[in-house]
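Dear colleague,

I am handing over the structure below, and would be glad if you could look through it alongside the notes that follow.

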Amino acid sequence: MMQFAALIPFFPLAGFIILGLLNKKLPKSAAGILACTTLLISFIISLAVFMSISGQSQEIQLAPWIDMGGFSASFTFLLDPLSSIFLMIITGVGFLIHVYSVGYMHDDEKHNIFFAYLNLFVFFMLVLVMASSYLLMFVGWEGVGLCSYLLIGFWFKNKSYNDAAKKAFIMNRIGDLGFLLGIILLFITFGSSDYHTIFPKAQGLMSGNTMITAITLLLFVGAMGKSAQIPLYTWLPDAMAGPTPVSALIHAATMVTAGIYMVARSGILYALSPVSMYVVALIGVVTAVFAATIALTQNDIKKVLAYSTVSQLGYMFLGLGVGAFSASVFHVMTHAFFKALLFLGAGSVIHGLSGEQDIRNMGGLRKKLPITFITFLLATLAISGIPPFSGFFSKDEILIHAFASNKLFWALGMIGSMMTAFYMFRLLFLVFFGTYRGDDKIHAHESPAVMTIPLIILAILSTIGGFVGVPESLGGTSQINKFLDPVFQSATKILPAEGASSISEMTLMSITIAVVLGSILLAWYFYISRKKVPLAEEAKLSPIHNLLYRKYYVDEIYNALITKPLDKISDFLDSIVESKFIDGIVNATGKVTEGVSGLMKFVQTGNVDFYLLAMVISVACIIFFKLM
Amino acid sequence: MTTHLTTIPLDWYILLSSILFSTGVMGVLFRRNAIIIFMSIELMLNAVNLLLVAFSAYHNDAAGQVFVFFTMAVAAAEIAVGLAILIVVYRNTKSTDIDVLNRLKG
């Protein structure tokens with residue numbers, strides 16, 4: 001099966017080319033089927049690869065690429081347990097979201113272009129995870145950024161959507177610069193950007209090597225941008241301007257986990273740098289808590305989920321930072337299931353309410369949208385970490401490792417998961433329970449089967465997906481750890497062994513579950529018993545509530561600190577330097593030429609006699625002076 | 001042939017060429033009729049040709065004479081173009097006087 005593995009990314013690429021070239025000539029139904037089929041084929045091959053990989057890694061060389069001087073790079077794909085898990089997530093969840101999009105985007109006039117973009121995105125995402133060198137990974141990395149931009153600004157006639165797209169692109173550029181510098185440093189240090197050259201060489205280095213620290217921190221800047229961590233996270237909530245399937249696919253399940261993938265892939269480098277590990281864990285846990293607090297007060301159904309995504313990504317970085325690489329990848333997987341489901345569920349609600357996104361105008365939808373409700377409930381249970389749903393196993397494993405590494409990280413992570421449970425159940429209660437508060441003219445209706453079937457499949461995965469990683473303490477075998485072990489063993493060998501914990505894993509789990517249940521009860525008390533509804537937009541909020549509702553004014557602070565000064569400088573350069581100085585020089589050159597020509601034109605009398613005389617005298621003069 | 005040529009001293013050739021050349025220059029400067037000016041230019045050209053042939057003979061170097069053939073060929077081409085222009089000028093102005101052609105000025 002391995003010989004077909006190299007084809008995995010090229011089916012979506014073919015889909016993109018066909019859809020992009022034919023565009024409107026293709027009927028909508030054919031475009032949808034084509035886009036879904038390409039993903040399905042890729043998924044089947046990925047599944048076969050996943051089944052047959054069993055620990056070894058294999059490189060497939062496709063074509064030479066750059067070869068000059070001491071530098072060479074080629075289009076080579078790497079298949080190992082880590083990339084095969086990501087292949088499964090991308091093609092599997094991607095396929096379900098494609099199917100869902102057939103229903104969701106059915107009435108959009110740019111339907112076919114939408115699928116072309118989605119296919120292109122999947123192609124680049126697959127290149128990103130299958131790359132066998134940082135350089136090729138960077139190609140995919142930039143490509144998914146481009147598709148993210150195109151899809152956030154898909155409805156580009158709306159200016160604020162366009163602004164959101166630009167914001168995402170520019171913020172990602174900042175991160176990309178860090179990533180690129182990291183790659184250059186890697187090349188300087190190891191003389192290559194191929195994994196199979198770098199990682200064995202790195203193993204021989206001392207822990208705490210300054211160069212490695214610099215490289216890993218720069219790479220992490222890239223991850224910060226792509227995976228929306230503090231301070232580069234503000235683009236992700238705004239990215240919700242895109243169509244909801246895009247939010248599910250790109251801004252929840254796949255692209256934003258590229259940062260996690262990259263750090264996990266570079267696990268050996270991070271393991272060599274305790275400083276970088278600490279920074280990754282710290283940024284991760286702070287983001288997890290910070291974003292969760294904002295999510296507590298948001299009233300837009302997609303914004304809540306967006307901040308929740310930022311928060312969950314923070315957990316994954318916490319896991320990476322404390323050395324729990326496979327737990328993080330596990331969380332990427334379960335998160336892909338339940339967060340894609342939550343977004344698609346939210347999309348189904350929005351679809352059913354003809355575009356309404358404000359949870360203050362929803363309520364009581366569980367009877368009208370029964371399938372959406374059930375699936376959304378399962379996803380909420382999964383993200384909150386209620387056993388035996390998938391989120392419980394992955395998040396708990398991260399928290400247990402965090403506890404072993406740093407008690408403060410664990411405590412913060414605990415607070416974060418408490419808030420996660422609260423805001424998710426707040427969302428669930430406000431949307432599906434109580435009475436309908438919206439416009440009576442809108443008749444809420446359940447989505448068509450093409451949208452609900454992906455919901456159901458994702459709900460099943462969210463429910464049982466955690467069983468691949470049941471920890472030993474609960475009588476499981478933690479298969480995912482064993483599966484990923486060949487990739488991470490060299491990294492974990494370097495890390496200091498975790499000290500035997502004074503508190504057993506069971507106790508930690510019980511604490512988590514108790515805390516989570518407590519906050520669910522609190523949400524129940526507020527939003528079901530007392531039937532509280534978030535205040536209207538103009539209502540006066542308490543200072544802390546207001547601070548959270550306004551997202552800590554981070555956008556405003558960035559605006560004042562970075563955007564405004566940059567605008568001022570640009571204005572200055574435009575109005576003074578450009579129009580006075582540079583234009584002045586250019587215009588002066590023109591004026592001088594014009595003046596001199598004005599004088600010289602009197603020589604050209606139009607009189608042939610004069611010309612002849614001038615010529616003869618001139619020649620005579622030249623000869624005369626020459627002979628002298 | 002060469003001996004025959006060299007029986008006349010070189011100075012005479014130089015003198016004759018100079019006179020012919022100066023006559024040509026004077027013709028160009030003082031005549032108004034474009035055809036006469038053309039003929040004067042030809043005179044200057046042939047003065048130089050004569051000089052080239054003379055030097056070629058005295059130096060026993062055929063290059064000068066080859067050069068003259070080129071000059072004559074180019075001059076013929078030049079005359080063809082020049083006369084064509086003159087015919088067009090004449091059709092437009094009914095005159096070959098160069099003073100009429102004074103409209104191209106800055």
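Throughout these notes, two residues are in contact if their C-beta atoms, placed from the backbone, lie within 7 Å. The model is predicted, so that local features need pLDDT of at least 70 and side-chain atom pairs count only at pLDDT 80 or more, while totals for chains, interfaces and linings use all residues. Residues are numbered from 1 along each chain as its sequence is written, and chains are lettered from A and ligands numbered from 1 in the order in which they are written.

Chain A holds 25 helices and 2 strands, these being DSSP runs numbered from the N terminus (helices H or I, at least four residues; strands E, at least two). Its C-alpha trace spans about 110 × 65 × 50 Å along the principal axes. Of the 628 residues in chain A, 50% are buried, meaning that 20 or more other C-beta atoms lie within 10 Å of the residue's own.

The domain assignment, which is automatic or from a database, gives chain A domain 1 (1-180 + 225-256), domain 2 (324-534) and domain 3 (556-627). The C-alpha centres of domain 1 and domain 3 of chain A are 52 Å apart.

Two helix pairs in chain A may interest you. The axes (lines fitted to C-alpha atoms over the stretch in contact, with angles from 0 to 180 degrees between N-to-C directions) of α7 (residues 159-190) and α9 (residues 210-226) of chain A come within 7 Å and cross at roughly 155°. That makes α7(A) roughly antiparallel to α9(A), the term for angles over 145 degrees. Among the residues that meet are A:Gly175, A:Gly178 and A:Gly182 in α7(A), and A:Gly222 and A:Gly225 in α9(A). By class, this contact of α7(A) with α9(A) has 13 nonpolar, 7 polar and 2 charged residues, where Ala, Val, Leu, Ile, Met, Phe, Trp, Tyr, Cys and Pro count as nonpolar, Asp, Glu, Lys and Arg as charged, and the others, Gly among them, as polar.

For helix α16 (residues 325-352) and helix α18 (residues 390-405) of chain A, the axes come within 9 Å and cross at roughly 150°, and α16(A) and α18(A) are therefore roughly antiparallel to each other. The residues where they meet include A:Phe330, A:His331 and A:Phe337 in α16(A), with A:Lys395, A:Glu397 and A:His401 in α18(A); the contact divides into 5 nonpolar, 7 polar and 2 charged residues.

Between the chains, 11 residues of chain A are in contact with 10 residues of chain B, and the side belonging to chain A comprises 5 nonpolar, 4 polar and 2 charged residues.

Methods
Angles under 35 degrees count as roughly parallel, over 145 as roughly antiparallel, 65 to 115 as roughly perpendicular and the rest as oblique. A residue is buried if 20 or more other C-beta atoms lie within 10 Å of its own, exposed if 12 or fewer, and partly exposed in between; C-beta atoms are placed from the backbone.
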